[in-house]
Amino acid sequence: MSHLRIKRKPRCGGCGLPPATCACASLPRVRLRTPIAIVQHVSERPKPTNTGKLFARMAEGTIVLPVGMREPAFDPGPLRTPPVEWLLVYPRKGAPVLEPRPGIGFVLLDGSWGQCAHMSRRLPVIADLPCVALPPGPPSFWTVRTQHNEHGRSTFEAALQLIEMMEGRAAIEPLRRAFAMLTARMLFLKGKLRSPEIPDEWGV
């Protein structure tokens, strides 16, 4: 089956899988202590492979702020609300590596590399946020979409690393396993895995 034919198949808006194999009923819903806001380019919203909306689907309280529409304009209002000190997580040159501490929340940019670079420099409020970088993390197994940076990771994986740093490994286990399950099934549909089961080498 061709890649184009796979792309044309209808997909579930919740999990991104074909309706016949929808996994929404098995996805966890987790309440986290760490505030996460995802600034999402409008072009990502309809994509079944978007991992920002997957994270928001599973992590209660995640803020999703759309950007790139003509109307309504981007609204950064939720990031102006104390007592959270919001930090932009982005590999900006010179950005210090994150050091966890109480009272902070994280803004993740969700889009293509070029879109994220533009949002980090041009968006009101976002451009002025203190910027931190993630330390090196585990290799990404999200190969459903092409990654142009060998050290890059999906929005979901970046959020997992942040939560693990702030709250510990146990807090992310249900989310990590669900993400691995969806990744394996998508890669199987694309013919990149022989089985829809999570490979042992992913260590999940």
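1. Ser120 lies in helix H3, which spans residues 113-122 (helices, H or I, are DSSP runs of at least four residues and strands, E, of at least two, numbered from the N terminus). The model is a predicted one, in which local features need pLDDT of at least 70 and side-chain atom pairs count only at pLDDT 80 or more, while totals for chains, interfaces and linings use all residues. Residues are numbered from 1 along each chain as its sequence is written, and side-chain values use heavy atoms, with hydrogens and water left out.

2. Ser120 is buried, its relative accessible area being 3% (buried means under 20%, exposed over 50% and partly exposed in between, with a 1.4 Å probe and protein chains only). Leaving aside residues up to four places away in sequence, Ser120 touches Leu88, Tyr90, Arg92, Leu109, Ile126 and Ala127 (contact means heavy atoms within 4.5 Å).

3. Cys116, Ala117, Met119 and Ser120 are the buried residues listed for H3; seen down the helix axis, the buried residues of H3 fall within an arc of 165°, so they line one face (the arc is that of the directions from the helix axis to the C-beta atoms). Arg121 and Arg122, on the other side of H3, are exposed. The cover over the buried residues includes strands E2 (36-41), E4 (63-67), E5 (85-89) and E6 (104-110).

4. Elsewhere, the axes of H2 (residues 51-58) and H4 (residues 155-167) come within 7 Å and cross at roughly 45°. Thr51, Gly52, Leu54, Phe55 and Met58 of H2 make the contact with Thr155, Phe156 and Ala159 of H4.

Terms used: Axes fitted to C-alpha atoms, helices over the stretch in contact; angles between N-to-C directions.
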